[in-house]
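Take a look at the model below. Then read on for a short tour of its parts.

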Amino acid sequence: MAFEEKTLSSETIYEGKILSLRREKVTVRNGTSYREIVQHHGAVGLVAVTADNKVVLVEQYRIACRKNLLEIPAGKLDSEDEVPFDAAVRELREETGYTADRIDCLTSFYSACGYSGEKITIYLCTGLHAGETDFDADEDLDIYEIPFEEAYEMCMDGRIEDSKTIVGILMAKDKLGI
């Protein structure tokens with residue numbers, strides 16, 4: 001069984017709008033060590049599939065990666081108390097303009113468990129109805145509808161590099177039997 005680290009002390013180093021950073025002194029098998037941990041309320045990702053089996057993807061510039069990435073629509077939880085399903089409904093409409101007859105949870109996972117507590121919940125959205133987008137003031141997105149099989153191939157050959165998108169599309173493929 002793996003050794004369970006215990007926190008001896010914790011210090012908040014940075015507290016920002018969407019995340020905070022803390023440094024913890026912890027017990028390890030041979031003494032003590034330090035961990036730097038990013039705290040984040042969590043996020044949702046949306047695999048929105050049209051009636052003709054196209055997946056709705058968004059492209060945006062990601063400064064951390066220094067390039068445009070193709071992703072499933074997604075967004076952060078507004079607070080630690082927000083229910084992921086509520087964020088999914090909101091983000092689908094804001095980023096794509098769509099509403100969905102069905103929104104089913106596919107999975108939840110930790111995005112980078114070595115240094116972050118961020119948990120992303122992925123939803124499958126079907127029975128889509130078009131509407132108007134409502135981007136956040138600082139968002140600049142291009143929206144695409146790509147045949148599901150093509151999006152799957154893009155995940156498999158490395159053209160899609162975003163982890164939540166890869167997880168979402170692979171899980172949706174299994175769920176939908178496409």
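This report covers a pocket, a helix and a pair of rings.

**The largest pocket**

This is a predicted model. Its largest pocket holds about 1,400 Å³ of space. The lining has 38 residues, and I18, H40, R62, K76 and E118 are the closest to the centre. By type, the lining residues divide into 14 nonpolar, 6 polar and 18 charged. Several elements give two or more residues to this lining, including β5 (54-62) and α3 (163-176). Helix α1 gives the most, with 4 residues.

**Helix α3**

How far should α3 span? At 1.5 Å a residue, its 14 residues should span 20 Å, and the end C-alpha atoms are 20 Å apart, which agrees. The buried residues of α3 are K164, T165, G168, I169, A172 and K173. Seen down the axis of α3, these buried residues fall within an arc of 155°, so they line one face of the helix. After α3 comes G177, with a positive phi near 70°.

**An aromatic pair**

The count of aromatic pairs comes to 1. The ring centres of F85 and Y123 are 6.2 Å apart. Their planes stand at 75°, which is over the 60 degrees cut-off, so the pair is edge-to-face. F85 lies in helix α1 and Y123 in strand β9, so the pair ties together parts 38 residues apart in sequence. The table gives the exposure of both partners.

| Residue | Relative accessible area | Class |
|---|---|---|
| F85 | 36% | partly exposed |
| Y123 | 6% | buried |

Key
Residues numbered from 1 in each chain as written. Predicted model: local features only at pLDDT ≥ 70, side-chain atom pairs only at ≥ 80, totals over all residues. Heavy atoms only, no water. 1 Å grid on protein atoms, 1.4 Å probe; cavity = no way out; pocket = protein on both sides within 12 Å on 5 of 7 lines; lining within 4 Å. Points joined across faces, edges and corners; volume = space filled by probe spheres on them. Nonpolar A, V, L, I, M, F, W, Y, C, P; charged D, E, K, R; others polar. Expected span 1.5 Å × (residues − 1). Buried < 20%, exposed > 50% of the residue type's maximum accessible area, 1.4 Å probe, protein only. Arc of directions from axis to C-beta. Phe/Tyr/Trp six-rings, centres within 6.5 Å; stacked < 30°, edge-to-face > 60°.
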